[in-house]
Amino acid sequence: MIMATKMEMRPGRYAPVNGLSMYYEIHGAGRPLVLLHGAFMTIEGSFQRMLPTLAETRQVLAVEQQAHGRTADIDRPLTYGGMAADTVALLRHLGVSEADIFGYSMGAAIALEIAVRHPDVVHKLVLASPSYTREGSYPEMYEGEENLKPEDLAGTPFAEEYARTAPNPDAWPRLIEKVKQLDREFRGWTAEEIRSIRAPTLVIIGDSDVTRPEHAVEIFRLLGGGVPGDIVGLPASRLAVLPGTTHITLIDRTDWLLAMIGEFLDAPAPEAGGA
């Protein structure tokens, strides 16, 4: 059954997943590409400007995580393990055995958890603004979030999209507290776990992101990057640092992202070098 938001029609459906009624959309046809949004965001808020182009050549599966957008909250905390398990269960519900995965911010952490815990599901990985340890992000980010109150986001696209799409708009303060707890308790993954990822990975950050540039380079190296490609061959993974770009504005660099992501997903695996 086609579902609708309060203000517009969307090609969405709901699936019973781990106690959730999880909202998802399917656009286009071809190799599956899963889109995982950022914290406090929706499918539209993270990917609306890119989604039509991505769906021209692939089947885009966009999901909204627990307590976000049209997926109502349930009585459990937000954890990366839980959201990754929900996403994998949804793919199994849809009969998708393997997919490319593109995650932004919180979605990048969910994608990392899937790649580490469910490697058979992942064909290629796109991580926008990822951190695999707490130290990978600037402390100012955590300090600012710890002091965040609902009124601080009043009038922002985050609050407006939540009010427009959420089954229970009054639950906005609870979502804020759950995201704060998610980041407060974040411990990340070990270097060995990141190194174990076999899927070719594109790491993208802004040069003024909340992810430290040196941390993005560290992830890239753990994934087989940081080699003289002319001598040993290109690694399977790639690194992009977008100039003049913050964490929030990264997802709006549509032309750059589409060019890089499309070429990466379509490219054959390198014959030599890298993990």
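Mentor: Let's begin with a term: a contact means heavy atoms within 4.5 Å. Keep in mind, too, that the model we are looking at is predicted.

Trainee: What radius of gyration does the protein have, and which value does the globule rule give?

Mentor: The secondary structure comes to 12 helices and nine strands. The protein has 275 residues and is as compact as a globular protein of that length, because its radius of gyration of 18 Å is close to the value from the globule rule, 19 Å.

Trainee: What percentage of the residues is buried?

Mentor: A residue is called buried when its relative accessible area is under 20%. Out of 275 residues in the protein, the buried part is 54%.

Trainee: Is His215 buried or exposed?

Mentor: You can find His215 in helix α9, residues 213-222. Leaving out residues up to four places away in sequence, His215 touches Pro130, Ser131, Tyr132, Thr133 and Gly136. Its relative accessible area is 3%, and the cut-off is under 20%, so His215 is buried.

Trainee: Is Pro157 buried or exposed?

Mentor: Pro157 lies in helix α6. The word exposed asks for a relative accessible area over 50%. Pro157 has 59%, so it is exposed.

Trainee: How many Å separate Pro157 and Met22 in space?

Mentor: Along the sequence, these two are 135 residues apart. In space, going from C-alpha to C-alpha, the distance is 22 Å.

Trainee: Which element gives the largest share of the lining of the largest pocket?

Mentor: The largest pocket has a volume of about 630 Å³. Of the 29 residues that line it, the closest to its centre are Ser105, Met141, Glu145, Asp183 and His247. Two or more lining residues come from each of α4 (106-117), α5 (139-146), α7 (172-184) and α11 (247-250). The largest share, four residues, belongs to α5.

Trainee: And how many residues in the lining of the largest pocket are nonpolar?

Mentor: Sorting that lining by class gives eight polar and two charged residues. The nonpolar residues number 19.

Trainee: Which element gives the largest share of the lining of the second largest pocket?

Mentor: About 270 Å³ of space lies in this pocket. It is lined by 17 residues, and the closest to its centre are Met41, Gly45, Pro157, Ile251 and Asp252. At least two lining residues come from each of α1 (43-47) and α6 (157-165). The largest share, four residues, comes from α1.

Trainee: Now for the backbone. What phi does Asn18 have?

Mentor: Most residues other than glycine have a negative phi. Asn18 lies in the loop between β2 (9-17) and β3 (20-27). Although Asn18 is not a glycine, its phi is positive, about 50°.

Trainee: Is Ser129 buried or exposed?

Mentor: Ser129 lies in the loop between β7 (122-128) and α5, and has a positive phi of about 60° although it is not a glycine. Its relative accessible area is 5%, and the cut-off is under 20%, so Ser129 is buried.

How values were computed: Residues are numbered from 1 along each chain as its sequence is written. This is a predicted model: local features need pLDDT of at least 70, side-chain atom pairs count only at pLDDT 80 or more; totals for chains, interfaces and linings use all residues. Side-chain values use heavy atoms; hydrogens and water are left out. On a 1 Å grid over the protein atoms alone, a cavity is a set of points where a 1.4 Å probe fits but cannot get out, and a pocket is an open set with protein on both sides within 12 Å along at least five of seven lines; lining residues have an atom within 4 Å of a point. Grid points are joined across faces, edges and corners, and a volume is the space filled by probe spheres set on the points. Ala, Val, Leu, Ile, Met, Phe, Trp, Tyr, Cys and Pro count as nonpolar, Asp, Glu, Lys and Arg as charged, and the others, Gly among them, as polar. The radius of gyration is taken over C-alpha atoms; the globule rule is 2.2 Å times the number of residues to the power 0.38. Buried means under 20% relative accessible area, exposed over 50%, partly exposed in between (1.4 Å probe, protein chains only).
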